[in-house]
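Hi there,

Here is the structure I promised to pass on. Have a look at it first, and my notes follow below.

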Protein chains: 2
Amino acid sequence: MIKLPISLAALLALTCPALAQDAPDAPSPVQIVAEAAREEWVEISGDDLLVMTLAPDDDGTERTVVIQLMPAPFSQGWVENIRTLARAGWYDGITVNRVQDNYVVQWGDSNYDNPEADGAAKPLPEGLEVMGEAEYTVPSFVPPASSIKRELQGAATMSGLIAAGANVDALMAEPEPAQTSEARRALADRYSRFAAFTQGWPIGGRDEEFWPVHCYGMVGVGRGMSPDTGSGAELYTVIGHAPRHLDRNIALVGRIVEGMEHLSSLPRGSGALGFYTTEESAKRTPILSVRLASDLPEAERPAFEFLSTEGETFARYAEARANRRDPFFIHPAGGADICNIPVPVRRVAD
Amino acid sequence: MIKLPISLAALLALTCPALAQDAPDAPSPVQIVAEAAREEWVEISGDDLLVMTLAPDDDGTERTVVIQLMPAPFSQGWVENIRTLARAGWYDGITVNRVQDNYVVQWGDSNYDNPEADGAAKPLPEGLEVMGEAEYTVPSFVPPASSIKRELQGAATMSGLIAAGANVDALMAEPEPAQTSEARRALADRYSRFAAFTQGWPIGGRDEEFWPVHCYGMVGVGRGMSPDTGSGAELYTVIGHAPRHLDRNIALVGRIVEGMEHLSSLPRGSGALGFYTTEESAKRTPILSVRLASDLPEAERPAFEFLSTEGETFARYAEARANRRDPFFIHPAGGADICNIPVPVRRVAD
């Protein structure tokens, strides 16, 4: 089985009610992140960053979207296909073809899966892998019982558990103690036995399976009917409430870390599933190029980093997202949906 | 206490796994709704519909947004203020001032709560009510024990409970039987002890409190710092993942039932909180008028209806949203977030 360390930072925090003595000027989640130590930020490899350049908008404003690809063990076949497609220049000249409100924006070959296709499909480059449906999930890691017990013994309180960054699988497997049962309830959501963070990504899971989850801004691979699993040539991003029913049904490969507004604000298509109709073809936004950051000249190469989800700051940030105490709020919620705790990602200044 | 019937239709369904013998061509949620009996649709009063006309877009396309106001017992002070403001014509000539990606679009007086305000606030009409913060929630209804027992006895299985439309409060209060405990888990989410539907609206609650929840497209009342509760002059709608941390912190008054795309696709503001900066003031979309449907000439009066959340079709629809079996899907999710079960609303043909 694959070793997959899971941070409980965020989600064990979520059943802790706010304390009455909280200062009225408690820091906001943004302030907490701003104070993170330098070493809690993790650099994203240039091989995991896609730079997608859209045609300028009607005002001539340049539009660049940056996508972070997902690390192992998730979706690696598709991720590698996307690198192959980018290096072949296949994405250059494709368009945004579908914008469905409160659902997805999809870009790729305008003739793919389009009820109003008006031409032949664009030929794909050689060397693309074909993945099976089993690849939508990965097997989980179950640590030895000794390490489970140590984690729980060292965490007599909920906040202790949080600080200990206890392993999710361990918690789910162990029958005791009482705070474990509390933690289990806090971790469950309506789509999975638990939802938590690992390596900077939101994931769901149960039993011995993990999978990435469909939050706002996540990027996935369009596909046809089962058993087709898609190549990576057709991509979409979520522009509404998390469509978690797509989890385990379609491959997630990354997330948008900059320029999301250039996709989320596009005009909605009036065809079935939000595809632009033939009459609306002028609304299809051209994609001029898609490049791996590592393939760009050094001067044009963007650099990004994410806040470690295993660190102390992320735990505080997630807890503050779940229990807002900054001045605007009256009632801290006492919990937060996994998709309401976006992992902080920032551009590294030159 | 206020009597508040709650349908468990949707949410008790959510822990039922899909059956292996499900037909591969099982109906989609949309198909289930299309087959609802005529009498399951509930007409929306013209006093509960706001017709908001935006200035045409750059292509000259007309843009109309229709908002359904919330019924009693929720937010009635603010809802009445909104009727007062609409009848006074106060909204006419205001603008959309804030578009924050994955959060809200806000419209009202461009000088309200705007870090870059460039003028004096627009005077409000007389007769507006001032609400207290207690009005963000309503007390719940606890039925007599005899009716609780009858409901549970008549519901030996999960699907029986669903069909029985058992009362949420009853379920939460009763220690027995086993399926009740299962139902409790199915009802809980990370923001409330239960989240369910009543009178066509998604609500959360715990103990003896209920409140409407912030799903995509819900409309709320902008406010300043506590104890200000807002008048209804500043309104916002949710254009991203449900910001449930706003529940109980701000008044929800309705939802957008038509024309959501005219707001969700607006260009994002680059100022703090997504406000348009002074340099971007040309991006502020003018709102030409806001009228109650009942105040419009009969020929211009739109009519809408929603699918009863207490009916058999809504139960099937919610179950199908939680366990997608239409051909695209491989793994039914086994559950659904309250905000991933939008209540069907449709325009009544002339």
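**Where the chains meet**

Between chain B and chain A, the count of salt bridges is zero. Please keep in mind that this is a predicted model. Polar contacts are another matter: 26 residue pairs make them between chain B and chain A, with both partners at pLDDT 80 or more.

As for which helices take part, α7 (178-187) and α8 (260-264) of chain B each bring at least two residues to the side of chain B that touches chain A. The top contributor to that side is α8(B), with three residues. Sorted by class, the side of chain B that touches chain A holds 27 nonpolar, 13 polar and eleven charged residues.

How much area is buried between chain B and chain A? It comes to about 4,200 Å², and carbon and sulfur atoms give 52% of that. On the chain B side, B:Arg190, B:His241 and B:Phe328 lose the most area to chain A, together 22% of what that side buries. In residues, the contact draws 51 from chain B and 52 from chain A.

**A sheet in chain A**

Chain A also has an open sheet of three strands, in the order β1-β14-β15, with antiparallel pairing. β1 (41-43) and β15 (345-347) of chain A are at the edges with a single partner strand each, so one side of each has no neighbour in the sheet. On average, neighbouring strands here are turned by 30° against each other, ignoring direction.

β1(A) pairs with β14 (residues 304-307) of chain A over three bridges, in the antiparallel sense.

Best wishes

Key: Residues are numbered from 1 along each chain as its sequence is written. Chains are lettered from A and ligands numbered from 1 in the order in which they are written. This is a predicted model: local features need pLDDT of at least 70, side-chain atom pairs count only at pLDDT 80 or more; totals for chains, interfaces and linings use all residues. Side-chain values use heavy atoms; hydrogens and water are left out. Contact means heavy atoms within 4.5 Å. Buried area is the accessible area (1.4 Å probe) that two parts lose on being put together, summed over both. A salt bridge is a side-chain nitrogen of Lys or Arg within 4 Å of a carboxyl oxygen of Asp or Glu. A polar contact is a pair of N or O atoms within 3.5 Å; within protein, one must be able to donate a hydrogen and the other to accept it, and residues adjacent in sequence count only if both atoms are side-chain atoms. Helices (H or I, at least four residues) and strands (E, at least two) are DSSP runs, numbered from the N terminus. Ala, Val, Leu, Ile, Met, Phe, Trp, Tyr, Cys and Pro count as nonpolar, Asp, Glu, Lys and Arg as charged, and the others, Gly among them, as polar. Two strands pair if DSSP finds at least two bridges between them. Axes are lines fitted to C-alpha atoms, for helices over the stretch in contact, and angles run from 0 to 180 degrees between N-to-C directions.
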